[in-house]
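Reader: I would like to learn how to read a model like this one, feature by feature. Please take me through it.

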Amino acid sequence: MTTNKPPIVRMQKLHKHFGSLHVLNDIDLEITPGEVVVIIGASGSGKSTLIRCINGLEEFQSGLLEVDGNLLKPMGKSTKALQTIRTEVGMVFQQFNLFPHLSVIDNVTLAPIKVRGQRRDQAIETAKRLLARVGIADQANKYPSQLSGGQQQRVALARALAMEPRLMLFDEPTSALDPEMIGEVLDAMRELAKEGMTMVIVTHEMGFAREVADRVIFIHKGEIAEQGAPEQLFDAPQHERTQAFLARVLKH
């Protein structure tokens, strides 16, 4: 994808350690507005840590990280920038993290009312529109325990969208779902991609990655080993580590 707009995410020589473990090693990455980037790699390769750094859920030790013009400093020394980023970046996790004591509509409206100061009637109107957008308008008054896993994950997606984010992060959003529920969540994400939402997605769903990504990034042991358009990376990977990984995961 080509654009004249400045990157919405810019990483330069970013390093992240957990104790003696070097989790992210010299990461250089730019993501442009409207781009869908899918990150793949083995478990423990640093994929989730990378996107958690983008919205400040993980601190990094050195390097540069800029998100939508807000500069995050190493070791969490960026309180004001971090507050801004948290309101502009939505994230959907492996687990749904819904409030069990709140109805679906209250889960979706909570942050817009508390954080953005929206009027309740305005927030409810937006929530209803978003629940319809992800295909669960009829579940608005139910509680999370009354929903399937796929429905709960779509509530989590609507909740993130209610903050009107400029960037959406997805950390293996289907990994906790039963196989028959995966498709409904991926369908909602496909619609977002078609609408031009900037998205960074960590996933093991290779078919989905091939279909929706503008660019696929393969991470190996904390380093970007290879990246490119889906057809290039899946059909003609250049790096032997990428070849070995795809040969293993595409067999199943």
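**Contacts, salt bridges and a sheet**

Author: Contact means heavy atoms within 4.5 Å. Leaving out residues up to four places away in sequence, Ile201 touches Val36, Val37, Val38, Ile39, Phe170, Met189 and Phe208. A word on sources: this is a predicted model, where local features need pLDDT of at least 70, side-chain atom pairs count only at pLDDT 80 or more, and totals for chains, interfaces and linings use all residues. Residues are numbered from 1 along each chain as its sequence is written, and side-chain values use heavy atoms, with hydrogens and water left out.

Reader: Where does Ile201 lie, and is Ile201 buried or exposed?

Author: Helices (H or I, at least four residues) and strands (E, at least two) are DSSP runs, numbered from the N terminus. Ile201 lies in strand E8, residues 199–202. Buried means under 20% relative accessible area, exposed over 50%, and partly exposed in between, with a 1.4 Å probe and protein chains only. Ile201 has 0% relative accessibility, so Ile201 counts as buried.

Reader: What is the order of the strands in the open sheet?

Author: Strands of a sheet pair through backbone hydrogen bonds, either parallel or antiparallel. Two strands pair if DSSP finds at least two bridges between them. Here the open sheet has six strands in the order E6-E7-E8-E3-E9-E10, and the pairing is mixed. Strand E6 (89–92) and strand E10 (223–228) are the edge strands, each pairing on one side only. From one strand to the next, the twist averages 20 degrees. Axes are lines fitted to C-alpha atoms, for helices over the stretch in contact, and angles run from 0 to 180 degrees between N-to-C directions.

Reader: How many bridges join E7 and E8, and which helices lie across the strands?

Author: Strand E7 (residues 167–171) pairs with E8 in the parallel sense over four bridges. Asp171 has Val202 in E8 as its bridge partner. Helix H2 (residues 79–88) lies across E6 and E7, at about 60 degrees to E6. Helix H9 (residues 240–249) lies across E3, E9 and E10, at about 100 degrees to E9.

Reader: How many salt bridges does the structure hold?

Author: Side chains of opposite charge can pair when their charged atoms come close. A salt bridge is a side-chain nitrogen of Lys or Arg within 4 Å of a carboxyl oxygen of Asp or Glu. The structure holds 13 salt bridges. One of them joins Glu35 and Arg215, at 2.9 Å from N to O. That pair links distant parts of the chain, 180 residues apart: Glu35 is in the loop between strand E2 (21–31) and strand E3 (36–40), and Arg215 is in strand E9 (residues 215–220). Both residues, Glu35 and Arg215, are buried.

Reader: Which residues are linked with Lys16 in a network of salt bridges?

Author: The network links Lys16, Arg52 and Glu58. Within it, the closest N and O atoms of Lys16 and Glu58 are 3.5 Å apart. Lys16 and Glu58 are buried.

Reader: Where do Lys194 and Glu191 lie, and why does Lys194 count as exposed?

Author: Lys194 and Glu191 both lie in helix H6 (residues 179–194), three residues apart, about one turn of the helix. Their side chains meet in a salt bridge of 3.5 Å, N to O. Lys194 counts as exposed because its relative accessibility is 66%. Glu191, at 37%, counts as partly exposed.
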